[in-house]
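I opened this notebook to record what I looked up in one structure. The entries follow the order in which I consulted it.

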Amino acid sequence: MSAEPLVTVAAIYPASPIFYVSYQGHRYLYIATPQPLFYVYDVDEDGHWDLIYKDVLEDGVNGNEQFYDSPSGMF
């Protein structure tokens, strides 16, 4: 989540695609990288992350990701 304008964030990450989604008045910025460190899921699509997995090796989705957190408390 960021209060920074999209153009400011894009200047920080010039080689990465960036997009944003507004959830109930909050703007979430997503910075896409080939192998991200975290993968997040909003299982019930209510705007709150339900699962976060950490990819320690940053080698893409291949089954070695580790459970990191459940911010919504669902899991």
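Where does S70 lie? I found S70 in the segment after β5; helices (H or I, at least four residues) and strands (E, at least two) are DSSP runs, numbered from the N terminus.

**Basis.** I note that this is a predicted model, in which local features need pLDDT of at least 70, side-chain atom pairs count only at pLDDT 80 or more, and totals for chains, interfaces and linings use all residues. Residues are numbered from 1 along each chain as its sequence is written, and side-chain values use heavy atoms, with hydrogens and water left out.

**Entry on S70.** I looked up the accessibility of S70 and read 9%, a value that counts as buried. The classes are buried under 20% relative accessible area, exposed over 50%, and partly exposed in between (1.4 Å probe, protein chains only). Leaving out residues up to four places away in sequence, I recorded that S70 touches D50 and F75; contact means heavy atoms within 4.5 Å. A polar atom of the S70 side chain lies 3.0 Å from the backbone nitrogen of F75. For a polar contact I used a pair of N or O atoms within 3.5 Å; within protein, one must be able to donate a hydrogen and the other to accept it, and residues adjacent in sequence count only if both atoms are side-chain atoms.

**Entry on the whole protein.** I counted one helix and five strands, in the order α-β-β-β-β-β along the sequence. The C-alpha atoms fill a box of roughly 35 × 30 × 15 Å along the principal axes. Of the 75 residues, 19% are buried. I also looked at contacts with a separation of 6 or more: residues 24 or more positions apart account for 17% of them. The protein exposes about 5400 Å², of which carbon and sulfur atoms supply 58%; accessible areas come from the Shrake-Rupley method with a 1.4 Å probe, and for residues only the protein chains shown count as cover.

**Entry on aromatic pairs.** I then examined the rings of Phe, Tyr and Trp (its six-membered ring), which pair if their centres lie within 6.5 Å; planes under 30 degrees apart count as stacked, over 60 as edge-to-face and the rest as tilted. The count by this rule is five aromatic pairs. For F38 and Y68, I read a centre distance of 4.8 Å and a plane angle of 65°, so this pair is edge-to-face. F38 belongs to strand β3 (residues 38-41) and Y68 to strand β5 (residues 66-69), so the pair ties together parts 30 residues apart in sequence. F38 is partly exposed at 33% relative accessible area, and Y68 is partly exposed at 45%.

I next took Y41 and Y53, whose ring centres are 6.1 Å apart with planes at 75°, so this pair is also edge-to-face. Y41 is in strand β3 and Y53 in strand β4 (residues 51-54), so the link joins parts twelve residues apart in sequence. Both are partly exposed, Y41 at 40% relative accessibility and Y53 at 27%. I noted one aromatic cluster formed by Y41, Y53 and F67.

**Entry on the surface patch.** Which residues form a nonpolar patch on the surface? I listed L37, F38, V40, W49 and Y68, with about 410 Å² of accessible area together. Patches are made of residues with over 30% relative accessible area and no salt bridge, with like charges joined within 9 Å and nonpolar side chains (Val, Leu, Ile, Met, Phe, Trp, Tyr) within 5 Å. A salt bridge is a side-chain nitrogen of Lys or Arg within 4 Å of a carboxyl oxygen of Asp or Glu.

**Entry on E65.** I located E65 in the loop between β4 and β5. The side chain of E65 reaches the backbone nitrogen of N62 at 2.9 Å, and a polar atom of that side chain lies 3.1 Å from the backbone nitrogen of G63. Apart from neighbours within four places in sequence, E65 is in contact with Y39, Y53, K54, D55 and G60. I also read the C-alpha to C-alpha distance between E65 and A11: 30 Å, at a sequence separation of 54 residues.

**Entry on backbone angles.** Most residues other than glycine have a negative phi. I noted E45, which has a positive phi near 50°, in the loop between β3 and β4. E45 is exposed, at 72% relative accessible area. E58, not a glycine, has a positive phi of about 50°. I placed E58 in the loop between β4 and β5 and recorded it as partly exposed at 41%.
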